[in-house]
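These notebook entries record what I looked up in the structure shown below. I began with the relation between the chains and then turned to single residues.

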Number of protein chains: 2
Amino acid sequence: MKKYKRLPKHIGVIPDGNRRWAVNAGLNKQEGYNHGIGPGLKLYEACLELGIEEMTYYGFTMDNVKRPSLQTKAFQKACVDSVNELKKRDADLLVIGNTDSKVFPKELLPYAMKRTKFGEGKMKVNFLVNYGWNWDLNHALENDQVVDNKNLIDYIASKDISRMDMVLRWGGRRRLSGFLPIQSIYSDIYVIDEYWPNYKDEHLHEALEWYQETDVTLGG
Amino acid sequence: MKKYKRLPKHIGVIPDGNRRWAVNAGLNKQEGYNHGIGPGLKLYEACLELGIEEMTYYGFTMDNVKRPSLQTKAFQKACVDSVNELKKRDADLLVIGNTDSKVFPKELLPYAMKRTKFGEGKMKVNFLVNYGWNWDLNHALENDQVVDNKNLIDYIASKDISRMDMVLRWGGRRRLSGFLPIQSIYSDIYVIDEYWPNYKDEHLHEALEWYQETDVTLGG
């Protein structure tokens, strides 16, 4: 196992390109999501071995569910299956998303908005499910104390997710697409051109090699 | 002049690398900022010719002013000089930042938080001066209506700045560093490795060539 001088404490993951991968493979778009589960577990295992302390997966958003129902069902199932597999692998699990909706998978309700330790609870793993950046921020307005306290970020829905040091995005697009706007403020963003179902551990190592050369200023 | 099929309406600019440029040129760090004014005007002229509708410059932040006073004075002056030059060039100008502080240059107070048209007012130009992402968001909590209205982004300090389609960052770092967290949610981020004082119009064209190939999904 390769050793790094400098490790991000918290890695965010945007697993993009499942549908484009499926089309390239001659499958229907929705068939891509199922092929994204294995990569997520492989990446988790690699991060666990390196000693990464926290990971956040961008599951699906409140906007994504406007897609055709076959696709919506497929990525809902992929999220449920992924979480069930992470439960078997010592994750300290937190699911964040809007549970006030039928599109939030009921299988994940027990883990929503409250961290649950499985096995030895070796790594904090956050999974965004029916998440919306606007929903996340507006959640703060539901707390009566926010106006007196005057610090919005203490009351957002994702307040228990820490700042991400590095965001990895698969599928080539160079944007954040609403992925935790507060926690990504200072994140170093590394884009991998390959589609998510083609995940290889080398992608992670490439990103970490690059991370060695960046410096952290946090706006100073 | 090159023509593009697809143009971003609004381009955000992170003019990073002034100090590194200065050190490389054998100058003191603070001497870099003055060399960043010309590039800003050159980029503005190029965007104006292309028909870009809005630009936002990341001037300096409430965190930046914790730097040594010689540097702070130098970037404050560079912002004032830049705004004065943009006034001569038909900008429809808006300065956004925390004016409740001595570090906000008093010369810019007339343009703060209120758009002012100069000459023919050909392009909306926003300049962030003593800006802070947290200040921007928390500004919403000062309005009594925000809790009833339940839509935070209608009340943030930068509400008059539109969504950025593309963010250009010079100086090689692949992060947003607190640059308008709401308006950058769906922005395509293009990083130029060269330092800002080395700006060339080719950098803009490189970015626009790349932009032709990206697709806009806005989270859908």
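Predicted model: local features only at pLDDT ≥ 70, side-chain atom pairs only at ≥ 80, totals over all residues.

**Entry 1: the rotation axis**

Residues are numbered from 1 along each chain as its sequence is written, while chains are lettered from A and ligands numbered from 1 in the order in which they are written.

Two copies of a chain are related by a rotation about an axis and a shift along it.

**Entry 2: the interface**

I recorded 38 residues from chain B and 38 residues from chain A in the contact, where contact means heavy atoms within 4.5 Å. About 3,400 Å² is buried between chain B and chain A, and carbon and sulfur atoms give 52% of that area. Buried area is the accessible area (1.4 Å probe) that two parts lose on being put together, summed over both. I noted that B:Leu141, B:Arg174 and B:Arg175 supply 22% of the area that chain B buries against chain A, more than any other three residues.

Why do the copies meet through the same surface? They do so because 100% of the interface residues of chain B are also interface residues in chain A.

**Entry 3: polar links and elements**

I counted two salt bridges between chain B and chain A, a salt bridge being a side-chain nitrogen of Lys or Arg within 4 Å of a carboxyl oxygen of Asp or Glu. A:Asp188 forms a salt bridge with B:Arg175, with the closest N and O atoms 2.8 Å apart.

Which elements give two or more residues to the side of chain B that touches chain A? I listed α4 (133-138), α5 (146-149) and β7 (188-192) of chain B. The most comes from α4(B), with four residues. Helices (H or I, at least four residues) and strands (E, at least two) are DSSP runs, numbered from the N terminus.

**Entry 4: B:Ser187**

I placed B:Ser187 in the loop between β6 (166-170) and β7 of chain B. B:Ser187 has 0% relative accessibility and counts as buried, which means under 20% relative accessible area, with exposed over 50% and partly exposed in between (1.4 Å probe, protein chains only). Leaving aside neighbours within four places in sequence, B:Ser187 is in contact with A:Arg174 and A:Arg175 of chain A, among others, and with B:Met164, B:Asp165 and B:Val167. A polar atom of the B:Ser187 side chain lies 3.4 Å from the backbone oxygen of B:Gln183.

**Entry 5: A:Met123**

I found A:Met123 in strand β5 (residues 123-131) of chain A. At 0% relative accessibility, A:Met123 counts as buried. A:Met123 and A:Leu93 are 30 residues apart in sequence and 8.2 Å apart in space, C-alpha to C-alpha.

Technical notes:
Heavy atoms only, no water. Polar contact = N/O pair within 3.5 Å; in protein donor to acceptor, adjacent residues only side chain to side chain.
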